[in-house]
Amino acid sequence: MTKKKGKMTGAEIFLECLAEEKVDTIFGFPGGAVLPIYDALYDAPIKHVLVRHEQGAVHAADGYARATGRPGVVLVTSGPGATNTVTGIATAYMDSIPMVVFTGQVPTALIGNDAFQEADIVGITRPCTKHNYLVKDIKDLTRVIKEAFYIASTGRPGPVLVDLPKDVLNATYEFSYPDKVELPSYHPTYKGNSRQIQKAIDIILKSKRPVVYAGGGVVLSDAAAQLKTFCEKLNLPTTNTLMGLGGFPGTHKLFMGMLGMHGTYAANMAVTNTDCLIAIGSRFDDRVTGKTEEFAQYAKIIHIDIDPTSISKNVKVDVPIVGDVCNVLKELIKLVPAAKGLKEYKSNTAEWHEQIDKWSTTHKLSYKDSPKGRLKPQYVVEQLYKITKGDAIITTEVGQNQMWAAQFFLYDKPRTYLTSGGLGTMGFGLPAAIGAQIAFPKKTVVDIAGDGSIQMNIQEIATAVQYKLPVKVVILNNIVLGMVRQWQEFFYDKRYSHTCVSVAPDYVKLADAYGAVGLATGKRDEVASVLKEAMKVKDRPVIMDFRVDPAENVYPMVPAGQPLNKMLLV
Amino acid sequence: MRHTISVLVINEFGVLSRISGLFSGRGFNIESLTVAETLDPAISRMTIVTTGDEAILEQITKQLNKLVSVIKVHDFKGEPHIERELLLIKITANAETRAEVLRIVDIFRAKVVDVSPRAYTIELTGDEEKVEAFKDLLRPFGIKEIVSTGRIAMPRTPKHK
């Protein structure tokens, strides 16, 4: 059965399709090739958020998707409009974020003619989309849109791009939205192999030093509750990847903090010494593993992931389980009560828990704070955590700010720490915060930023002002590109090549110029009051300029390519 | 290790670049690649010859399977199958050498498809070994030009017992 509504233009059909997909918000920027859609949008019920740069549109849709779990939707024009989306699409692709990007295209008759504002965006985005389409015939339009949303949001999610030539948008056709998707070549595996699942339980119960290493897949699969139950039932010490933060409660007694290059001492030591590593929705990224040969080298490794290509790609695993993380965890939980050797397991692992507690207490995350010295960025993040009571959606830019936001703010709920993990895209945080704030108008949304990365998409402050979004921007302003400076200090003989960005706008005046609120301080005892004042603003964005110590580094740090237990500590 | 992989794909525009882009983007090697329609015109078969160790081949197979346009991936390694490629070779053939060249053509069951006073163009099909042996034998006569297709492959039908 398909629904029928009579003849419509391609542009009208496009909007009907979005309504069928229950899209409530589009992030976009108009231009020549998509004028037919913008005309149809003029009196359409759907909300359109006008950004100031197409990259901002994609990150905003991405932030919306990360915060809600629903695909973000982007609409831009052809040529430069389309090419400006590429960084955003690659960001979403690396982090498996569901998203559908619609780009205008020159009329089909002009494709290939180097027409005005023509770019082969399908060719350009082929390696950074889960799939992409050029719609050459209006007959295919509804099917393609249906498939695009389906592919973007099922299996391992990801961005899908649909290129829409202007003549297709102007053509007319009978609207009928297909009920089903027929893709003979696309069948994600949701159910894990039951024998493998049993094998996993057997191995865990025989272990003495088990560790759960959970990634973004837990968040994407909405499996936080299942992960918590599973870890509690088997008393499993748990660490999260950067993308996994919030997938397991940050304040839980089994939580060891993040692992990897800037992971906690306890998490990195536990993963180094474990005899049973349970990797859940994670992909053994190089920032997590350090030197792969020594990563969990004493462990039997169990790996649950929906994407078979993630399994044994970087580190060989013993028990692969391909399936949806949530489903597999449910199956695992079912097997626990009847599992053999539960009692012995509990006593066998007691010593391990003591060891981890020791690591956690002797090497807490810390920094050298001094009330009289320069303001420390970590202190600002701690104060933010205190004042918001952890009840906020945090987005980040990329670099030191991102790591401090991961270390000193504890995330108890999934979809509250939105960060560009895989691609590491500077300029992500502000537009992502806009997307999250649009999805959750009542929530406190804070972009923890650096002074380097905030400037990469600062124009989106205008978007936040236009839609009266009370996004809070916390700039940890150290007048340098801090993470790069840190590497130069450690590994390049303190030759600070082009990492000083002291020529910067006065952020208070800048905020004012945009119609936002600007606040600034470099004093430790003013941090709390600045944050509190910012939290009171409900109708426009606030930029807070915290002038922090430029010499501060992120610790612990595992130098690239080193094993995880070779950490540089505070 | 060299592998011959058969990939069934949806016959749509851009599918070749999806496959070749996957190989180049992930640093996999393509030695040869052929594409043709199957019995079902909506589906094409690509036969790809690639090299890599077991882990790389596992990634290649998985990554290919992950593409939305790919229906099925089959690695012929370790399974009885027939492989063929087609060679066109133009060699110098004058009055003294013609007879010898024709003898070799005969032995290899190749075919002379074009003749001029000073050259023969010969067509040969066979597996890689045969094609290489043929080229080696003809080399002393003076090879003017070689064109060859990529490899195609088909599994042998299992024998009834």
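Modeller: Let us start with two terms: helices (H or I, at least four residues) and strands (E, at least two) are DSSP runs, numbered from the N terminus, and two strands pair if DSSP finds at least two bridges between them. This is a predicted model, in which local features need pLDDT of at least 70 and side-chain atom pairs count only at pLDDT 80 or more, while totals for chains, interfaces and linings use all residues. Residues are numbered from 1 along each chain as its sequence is written, chains are lettered from A and ligands numbered from 1 in the order in which they are written, and side-chain values use heavy atoms, with hydrogens and water left out.

Colleague: What makes β6(B) and β7(B) a pair of strands?

Modeller: Pairing asks for at least two bridges, and strand β6 (residues 111-116) of chain B is joined to β7(B) by 5 bridges, the two running antiparallel. One of the bridge partners is Glu123(B) in β7(B), which goes with Lys111(B). With 2 residues between them, β6(B) and β7(B) form a hairpin.

Colleague: Which strand pairs with β7(B) over 8 bridges?

Modeller: That is strand β5 (residues 81-92) of chain B, which pairs with β7(B) in the antiparallel sense. In this pairing Thr92(B) stands opposite Ala119(B) of β7(B).

Colleague: Why is β7(B) described as largely enclosed?

Modeller: Buried means under 20% relative accessible area, exposed over 50%, and partly exposed in between, with a 1.4 Å probe and protein chains only. In strand β7 (residues 119-126) of chain B, 6 of the 8 residues are buried, so the strand is largely enclosed by the rest of the structure.

Colleague: Why is Arg118(B) called exposed?

Modeller: Arg118(B) has a relative accessible area of 64%, and it is called exposed because that value is over the limit. This residue lies in the loop between β6 and β7 of chain B. Leaving aside residues up to four places away in sequence, Arg118(B) touches Ile91(B), Thr92(B), Ala93(B), Arg98(B) and Lys144(B), where contact means heavy atoms within 4.5 Å. Arg118(B) and Ala93(B) are 25 residues apart in sequence, yet their C-alpha atoms are 5.3 Å apart in space.

Colleague: Is Asn401(A), by contrast, buried or exposed?

Modeller: Asn401(A), in helix α18 (residues 400-408) of chain A, has 5% relative accessibility and therefore counts as buried. Among the residues that Asn401(A) touches, not counting those up to four places away in sequence, are Thr396(A), Ile448(A) and Leu476(A).

Colleague: How many salt bridges are counted between chain B and chain A?

Modeller: The count between these chains is 1 salt bridge, formed by Asp307(A) with Lys66(B), whose closest N and O atoms are 2.7 Å apart. On the side of chain B that touches chain A, α1 (15-25), α2 (54-66) and β4 (70-75) of chain B each supply at least two residues, and the largest share, 5 residues, comes from α2(B). The contact takes 17 residues from chain B and 19 residues from chain A.

Methods. Salt bridge = Lys/Arg side-chain N within 4 Å of Asp/Glu carboxyl O.
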